[in-house]
2 protein chains.
Amino acid sequence: MEQDKQNDVQSNLMLNKKLSRRDMLRLAGVGGVGLLLGGGAIGSILSSEIKTKSSPSTSLNQDPDSIPFYGAHQAGIITPSQNFICFAAFDVIADNVSDIRKMFQKWTTASASIASGSLIGNVNDNPNLPPSDTGEAAELSPSRCTITFGVGPSLFDARFGLQNKRPPSFQELPLFKADSLEPEWCGGDLCVQVCADDLQVAFHAIRNLARIARGTAVLRWTQEGFQRSAQADPKSATPRNLLGFKDGTANPDATDSTLMNEVVWSQSIDGTSWMTGGSYMAVRRVRMRIEVWDRSTLSDQENTFGRHRHTGAPLGSKDEFDTLKLDEVDSKGQPVIPTNSHVALAHGDGSIQMLRRSYSYSSGMDLKTGQLDAGLLFISFQRDLQKQFIPIQQRLANNDLLNEYAVHKGSAVFACFPGTTEGGFIGETLFGRI
Amino acid sequence: MEQDKQNDVQSNLMLNKKLSRRDMLRLAGVGGVGLLLGGGAIGSILSSEIKTKSSPSTSLNQDPDSIPFYGAHQAGIITPSQNFICFAAFDVIADNVSDIRKMFQKWTTASASIASGSLIGNVNDNPNLPPSDTGEAAELSPSRCTITFGVGPSLFDARFGLQNKRPPSFQELPLFKADSLEPEWCGGDLCVQVCADDLQVAFHAIRNLARIARGTAVLRWTQEGFQRSAQADPKSATPRNLLGFKDGTANPDATDSTLMNEVVWSQSIDGTSWMTGGSYMAVRRVRMRIEVWDRSTLSDQENTFGRHRHTGAPLGSKDEFDTLKLDEVDSKGQPVIPTNSHVALAHGDGSIQMLRRSYSYSSGMDLKTGQLDAGLLFISFQRDLQKQFIPIQQRLANNDLLNEYAVHKGSAVFACFPGTTEGGFIGETLFGRI
Ligand code: HEM
Ligand code: HEM
């Protein structure tokens with residue numbers, strides 16, 4: 001009983017996100033001794049802790065190392081990129097929506113704890129039970145961890161009676177010309193995108209969410225990734241991908257909320273109310289032909305992208321952020337930026353935009369070829385896949401010079417829910433509250 | 001000609017490690033413009049750069065973000081662990097020592113550049129040639145990058161006439177009782193261990209070294225890993241492994257050079273002169289049965305290791321660094337620390353030590369089982385494998401409670417050379433200077 005009361009206090013504490021993982025551990029240490037003295041002692045230790053620790057909840061939002069989990073939109077979409085990603089696609093093995101709903105409720109609570117740097121569940125672990133948190137991120141800081149959930153088109157098949165909830169323009173991608181997809185890197189009923197500045201924190205999140213899903217959903221495929229921007233100005237400098245080029249330069253400004261409403265966030269006029277404030281994700285596991293690339297000349301490389309390698313500037317320009325002049329020609333009348341370069345094709349007439357949020361991946365050696373299995377976990381968010389991702393990828397698949405050096409091996413799309421507030425849960429707009 | 005002169009200046013600069021990757025890029029930018037003005041202009045820009053940049057070489061050793069590549073011992077052995085590892089085993093495909101020697105000479109020069117945060121080779125890339133550096137680490141800091149080289153027992157077979165250079169006690173490990181080895185994670189003629197605080201910097205190093213090896217050696221297997229110690233005191237706090245326990249607590253003190261000479265460094269009296277100042281590495285890819293572990297109780301988990309999860313203290317003690325009291329019994333006369341716990345068996349009578357330098361790994365999902373392929377890339381350094389690693393691993397393989405939760409899937413041993421000084425190369429003691 002006393003023990004239960006203490007647990008309640010502790011889990012409330014955690015829900016309120018007042019204590020860091022570090023604090024909880026310290027508390028747990030105190031509790032461990034306290035137990036021998038009787039629960040009362042602990043109760044009072046805990047309540048004094050509450051007093052010293054409690055603070056207006058806005059203070060947490062100001063911690064640059066912690067990104068609030070709750071909000072109108074899910075975090076991890078327009079959030080400035082963290083250094084690491086652990087991405088997982090899951091398949092649902094339950095046969096009813098109610099189990100899925102329960103899982104999302106638990107996922108939401110756990111994710112809010114993780115994002116605030118707390119341990120999951122009751123830390124004062126009963127020695128005769130499995131610990132509620134697997135523990136490898138204990139004492140580590142929140143590390144700007146974000147956890148973003150979505151559902152794939154397959155969730156709207158006959159299994160759960162959700163057929164007529166599928167947004168009309170949300171379906172599996174068509175096969176593109178250059179595709180070389182492998183089924184083990186494709187699809188998924190659900191996705192969880194964890195990003196953090198600490199890989200161990202990100203791993204801990206995916207592992208614990210997979211654990212919570214047990215019996216309801218199983219892993220289908222996972223991919224880790226990393227990215228690093230230059231030290232001088234880590235928050236704003238553009239990171240380089242594994243082909244050595246700055247990647248992300250021409251992204252729309254994620255701090256411009258009008259623009260984000262146009263490009264990224266699903267709007268009520270788009271007709272799918274449960275997705276209003278959410279966003280559609282395209283994810284492509286693009287393997288790079290590193291060895292071939294490394295043998296190509298600098299000028300081939302620059303023509304492939306249509307940008308200079310060192311500066312990231314468009315060919316013929318000086319500065320990374322100079323505008324693309326796609327109609328400029330050289331003395332021989334040839335376009336300065338080749339028409340089939342990656343940026344020329346991706347940019348087109350500039351009328352279609354998307355928010356890219358990709359990570360490099362390196363998954364050791366490909367045993368079949370003896371070469372490094374490395375590339376880009378391409379991720380983009382958009383308001384409508386049909387109007388944004390698909391037409392651009394169509395142009396690239398047909399003509400991009402980059403296709404000589406990059407092969408699409410994996411592919412999936414997910415409808416990423418709007419955010420929720422404390423007390424609610426991610427997915428409530430689709431699965432309903434009870 | 002002017003171009004060549006400039007290249008020489010630049011590569012000297014890089015050999016002297018006076019310029020960071022960032023500086024070199026800036027220079028390359030200047031050079032790019034300079035070229036249009038004619039080489040002479042660049043020459044003078046460069047020499048003014050030399051003047052402003054040059055500084056006593058000791059100043060570099062004081063940069064906490066850069067670990068000197070040259071020295072009596074190779075870096076990356078007693079160096080405090082960085083956050084990431086990229087480990088690669090290579091097989092030699094050349095048929096003579098002279099090619100191997102040339103590769104190690106190039107590897108040494110490239111590694112010294114990487115460790116100092118410089119680009120590899122001549123940055124002022126000729127557009128008609130492949131760039132000398134693949135570029136993804138441009139502008140990133142040295143990130144305490146260390147690169148450590150070793151050779152496996154297979155290098156001493158008949159191929160290269162090195163048979164009688166094999167240290168008598170250096171051979172493939174015996175098969176241990178609990179082994180479940182898979183050939184794709186075993187062995188190798190050579191190894192390269194890259195560690196850095198930035199995964200992109202570490203990846204860049206392995207990729208460029210593999211590129212330099214082309215025609216002489218090919219990748220055999222690779223594994224990436226990570227580890228994170230607590231934020232409060234990142235340099236000294238013990239990181240947790242993926243089973244949630246602090247890992248590294250009982251390591252011998254790497255700052256005690258007398259102890260390191262006893263435990264880690266091969267000595268001249270050990271009889272293999274080319275290894276004096278080097279160390280023998282054992283590497284084991286140990287897959288964890290994460291899902292089984294996560295269902296076991298806290299008390300089972302603590303009994304498995306013989307330590308408390310939260311504090312890392314030995315069972316029955318309070319502090320992480322309290323000494324193991326293996327003869328202590330509880331009220332029922334049972335040992336407080338189970339005799340078949342990991343620490344009881346690994347510690348034994350305390351007479352055998354080794355320096356562990358392991359990393360957690362997470363390699364996505366095992367497609368066969370649908371479970372996370374995660375665990376420990378166990379790495380230890382010792383003066384003699386027969387006297388240190390083998391007897392301890394023997395005890396563990398036969399009785400360790402941890403065997404229920406961990407399976408050894410990969411295994412290799414390498415003789416890691418002593419260090420070298422500027423002008424020399426790693427491996428010169430075995431392959432000879434010419
Ligand atoms: C290996 C795969 C890929 C690599 C290495 C890559 C790399 C790059 C690079 C270096 C740039 C120029 C800098 C920048 O603006 O970020 C760029 C631009 C862009 N990429 Fe990709 N990309 C890849 C795949 C894709 C895919 C699959 C799409 C979408 C279907 C895409 C869409 C875009 C867009 C929209 C731009 C901006 C074009 C502009 O308006 O200037 N990329 N990419
Ligand atoms: C999955 C594999 C393994 C895990 C998770 C693991 C974990 C641990 C942990 C948590 C400790 C206690 C804290 C510490 O002193 O670091 C420890 C101690 C130790 N382990 Fe392991 N270990 C593993 C494999 C091995 C192997 C293969 C060896 C050597 C053959 C080894 C040798 C040792 C030694 C020598 C100690 C220190 C014992 C003492 O003197 O107190 N471990 N290990």
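**Figure 1. Backbone polar contacts of ligand 1 at Ala250(A) and Thr249(A) in the predicted model.** A polar backbone atom of Ala250(A) lies 2.8 Å from an oxygen atom of ligand 1. For Thr249(A), a polar backbone atom is 3.1 Å from an oxygen atom of the ligand.

**Figure 2. Side-chain polar contact of ligand 1 at Arg356(A).** The distance between an oxygen atom of ligand 1 and a polar side-chain atom of Arg356(A) is 2.8 Å. Arg356(A) is also listed among the closest residues around the ligand, together with Gly248(A), Ala250(A), His342(A) and His347(A).

**Figure 3. The residue shell around ligand 1.** Ligand 1 is surrounded by 27 residues. Sorted by class, 16 of the shell residues are nonpolar, 7 are polar and 4 are charged. Two helices of chain A, helix 10 (342–347) and helix 11 (389–399), each provide at least two residues of this shell. Strand 5 (279–288), strand 8 (371–382) and strand 9 (406–416) of chain A likewise each supply at least two.

**Figure 4. Relation of chain B to chain A around the rotation axis.** Within chain B, the residue that comes closest to the rotation axis is Ser363(B), whose C-alpha is at 3.5 Å.

Note on methods: Residues numbered from 1 in each chain as written. Chains lettered and ligands numbered in written order. Predicted model: local features only at pLDDT ≥ 70, side-chain atom pairs only at ≥ 80, totals over all residues. Heavy atoms only, no water. Near = heavy atom within 4 Å. Polar contact = N/O pair within 3.5 Å; in protein donor to acceptor, adjacent residues only side chain to side chain. Helix = DSSP H or I, 4+ residues; strand = E, 2+ residues; numbered from the N terminus. Nonpolar A, V, L, I, M, F, W, Y, C, P; charged D, E, K, R; others polar. Least-squares fit on C-alpha atoms with pLDDT ≥ 70 in both.
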